[in-house]
Amino acid sequence: MTEPSFKSDFLRTLGERGFIHQCTDAEALDAMAKDGMITAYIGFDATASSLHAGSLVQIMMLRWLQKTGHKPIVLMGGGTTKVGDPSGKDTQRQLLDDAKIAENMAGIKQVFTKFLSFGEDSNQAVMVNNDDWLSGYGYIEFLRTFGTHFTINRMMTFDSVKLRLEREQPLTFLEFNYMLMQAVDFRELNLRRNCVLQMGGSDQWGNIVNGVELTRRMNAAPAFGLTTPLLTTASGAKMGKTASGAVWLNADMLSPYDYWQYWRNAEDRDVGRFLRLFTELPLDEIARLEALEGTEINEAKKVLADEATRLLHGDEAAATARDTAQKAFEQGVLSADLPTVEIPAADLREGIMLAALATRIGLTASNGEARRLAQGGGLRVNDVAISDGNQTISEADLNADGVIKLSQGKKKIFLVKPV
């Protein structure tokens, strides 16, 4: 949804860069954002100790919100995590205890300080926890206060409920309450912080609309909702996921080098879209980069990797990652910054099948994948292609640096170090 007629810097920027999928009363929201500062929020449940790259669209929206003069609220789902959002899920989420939720929230908070400026003044961002109000309601009080504003008939039409039932997967009453809780979040933030806008992914549209309607009805206040498109790669893969796992945003869960490589390995068709969403480069520069053809598109991918890594990990980490990749791939030089996996020296003395070793260190997702890669010439040991995935790798393969270099084409490199 690109609207060239937007008057506010905020919505015009989001529209031009491809962030907008749906918006309630976009014209009125645009007028409000043009006339003064608005406050908006996005909620993040604490289901893991780090967010992954699939959350970056929402994080970048909050960043653009602040850069265009408005106030972001990062809502931590300390309360809603206890229930679990059924949107896009076939099964109930694992229920976490309070200690694990607190631990996860502490890990997630680290990311936002990289993208937003926090404080109570002007348009500085604030972080709040919905457990502060949700856990304060008694069950009867919650039902009497909010239950009359929702009908089962309407709730059954929302995708988070309808799709689960269509797939004949059980939906617990616990999860059924999630959309009420999320709607109450908007109403509370409107009362406490004068928040007028909730943003989120397109799978949250039903939940967001409920919050908009509840806030308008109970608070007699302006309220708006905005969603981003469902984001997948050009080949249909889910954003933020790879064969070896999630692309985590916390450096202790995924190194800056691996993060840089994720963006460097983007599909050609995704380069322009990702540059608009995940960097702050000017649109005319992005147009120039995405027009590159042939092998020159790789230079655009390096710019994407540089800019995305710089935003999350800083200039120095981005420069180091690029330098490490250049030395490893273009000059064949090993670096301590390459991902290194330690294995017991005894295992190497006995010998390990190449396919099993590649899977063990996360280079491939399975032994079968490793064997297929090897047959196609895509698996290398110390820069030498090995076509037999069943070949034994042992101490004899240690190089002069005392490690074994395993690589998948020119996309992934791991160093195996015996300890």
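## Pairing of β14 and β15

In this predicted model, strands β14 (residues 404-408) and β15 (residues 412-418) run antiparallel and are joined by 5 bridges.

Strands β14 and β15 belong to an open sheet of 5 strands, whose order is β9-β15-β14-β11-β12. The pairing in this sheet is mixed. Its edges are formed by β9 (340-343) and β12 (384-385); each of these has a single partner strand, so one side of each is left without a neighbour in the sheet.

## Overall fold and dimensions

The chain contains 19 helices and 15 strands. Its radius of gyration is 24 Å, close to the 22 Å that the globule rule gives for 419 residues, and the chain is therefore as compact as a globular protein of that length. The C-alpha trace spans about 75 × 45 × 40 Å along the principal axes of the chain.

Among contacts in the chain with a separation of 6 or more, 73% are made by residues 24 or more positions apart.

## Burial, surface and charge

Of the 419 residues, 50% count as buried, a class defined by a relative accessible area under 20%.

The side chains of the chain include 45 positive and 54 negative groups. The centres of these two sets lie 2 Å apart.

Notes. Residues are numbered from 1 along each chain as its sequence is written. This is a predicted model: local features need pLDDT of at least 70, side-chain atom pairs count only at pLDDT 80 or more; totals for chains, interfaces and linings use all residues. Side-chain values use heavy atoms; hydrogens and water are left out. Two strands pair if DSSP finds at least two bridges between them. Helices (H or I, at least four residues) and strands (E, at least two) are DSSP runs, numbered from the N terminus. The radius of gyration is taken over C-alpha atoms; the globule rule is 2.2 Å times the number of residues to the power 0.38. Buried means under 20% relative accessible area, exposed over 50%, partly exposed in between (1.4 Å probe, protein chains only). Contact means heavy atoms within 4.5 Å. Lys and Arg count as positive and Asp and Glu as negative; His and the chain ends are not counted. The place of a charge is taken as NZ of Lys, CZ of Arg, CG of Asp or CD of Glu.
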